Amino acid sequence: MLRRLLVFMGMIVTVVLLFKYCEFKKEDDSGIDYNTDLIQQQIVNVGKLVVTEGHFSEVVTYKNKEKYLMGMVSFDKKALIVVNADVTVAYDLHKMKYDIDEKNKTISILSIPKEEIKISTDIQFYDVEQSKLNPFTGDDYNKINKSVKANLTKKIQKSTLKTNAQNRLVSELAKFLILTNSLGWTLKYEGVIIESEKDFEEKVKL
């Protein structure tokens, strides 16, 4: 009788231990899901629009000449043009493509969006001179606008605006490194492991 009771008690203990083990495994699995959800949420928080702003000013003289009678007669038009432009260089990190490898605890940045340059111009005309045979037309204004924006684009390329924008981008990307390090994960870009902000500066193609 005592032997049966001991066997019965042993079975109860075994069942309880199995139940506890299954419950522990369930809690352990849920922890992995929690980490993944946390990482995805943090990526959403980090991924944002990074904007760098700049201002440019220039003065342009526009001239045009219409010739008649084999060049014997001409009618000129000209204007002094003052240009003020606000320029933004933006990286929309919401468009960044990435992959989360839950098994190997790795976040891989697959691609970084190209910068978006927006130019908002304010063009003012002064000292306008024209004639009835050679007046200012819509074509003139279109040519001026096109020329002004082309010249501004060259100035932007030579300025520190794009460099400053890229530096801000690297600083923003470094937040992904802080995130992965804090969770014991690895960060990669195009298969290269990123271990420091300097790695972003040297290895990330901007």
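**How much of the chain is buried?**

What percentage of the 206 residues of the chain count as buried? The share is 28%, where buried means under 20% relative accessible area, exposed means over 50%, and partly exposed covers what lies in between, with a 1.4 Å probe and protein chains only. The chain exposes about 14,300 Å², of which carbon and sulfur atoms supply 55%; accessible areas come from the Shrake-Rupley method with a 1.4 Å probe, and for residues only the protein chains shown count as cover.

This is a predicted model, in which local features need pLDDT of at least 70 and side-chain atom pairs count only at pLDDT 80 or more, while totals for chains, interfaces and linings use all residues. Residues are numbered from 1 along each chain as its sequence is written, and side-chain values use heavy atoms, with hydrogens and water left out.

**Overall layout**

The chain has four helices and seven strands, and along the sequence they follow the pattern α-β-β-β-β-β-α-α-β-β-α. Helices (H or I, at least four residues) and strands (E, at least two) are DSSP runs, numbered from the N terminus. If a contact means heavy atoms within 4.5 Å, then among contacts in the chain between residues at least 6 apart in sequence, 73% join residues at least 24 apart.

**The nonpolar core**

A nonpolar core is a set of buried Ala, Val, Leu, Ile, Met, Phe, Trp, Tyr and Cys residues joined through side-chain atoms within 4.5 Å. The largest one holds 37 residues, and I43, I109, L173, L187 and F200 touch the most other members. Two or more residues each are given to this core by α1 (2-46), β1 (49-68), β2 (73-92), β4 (106-111), α2, α3 (161-183) and β6, and the largest share, eight residues, comes from α3.

Leaving aside residues up to four places away in sequence, I109 touches M96, K97, Y98, L187, K188, Y189, E190 and F200.

Helix α2 (residues 138-158) has 21 residues and reaches 31 Å from its first C-alpha to its last, which is close to the 30 Å expected at 1.5 Å a residue; the expected span is 1.5 Å times one less than the number of residues. Its buried residues are D140, I144, V148, L152 and I156. Seen down the axis of α2, these buried residues fall within an arc of 135°, so they line one face of the helix, the arc being that of the directions from the helix axis to the C-beta atoms. The face turned away from the buried side carries the exposed residues D139, N142, K143, K146 and K154.

**The four-stranded sheet**

Four strands form an open sheet in the order β3-β4-β6-β7, with mixed pairing; two strands pair if DSSP finds at least two bridges between them. The edge strands are β3 and β7, each of which pairs on one side only.

Strand β3 (residues 97-101) is joined to β4 by five bridges, and the two run antiparallel. Within this pair, I100 stands opposite I107 in β4, and the bridge partner of K97 is S111. β3 and β4 form a hairpin with four residues between them, and K105 in the turn has a positive phi of about 50°.

**Two further residues with positive phi**

D127, which lies in strand β5 (residues 116-129), has a positive phi of about 50° although it is not a glycine, and D127 is exposed, with a relative accessible area of 59%. E190, in the loop between β6 (186-189) and β7 (192-193), also has a positive phi of about 50° without being a glycine, and E190 is partly exposed at 48% relative accessible area.
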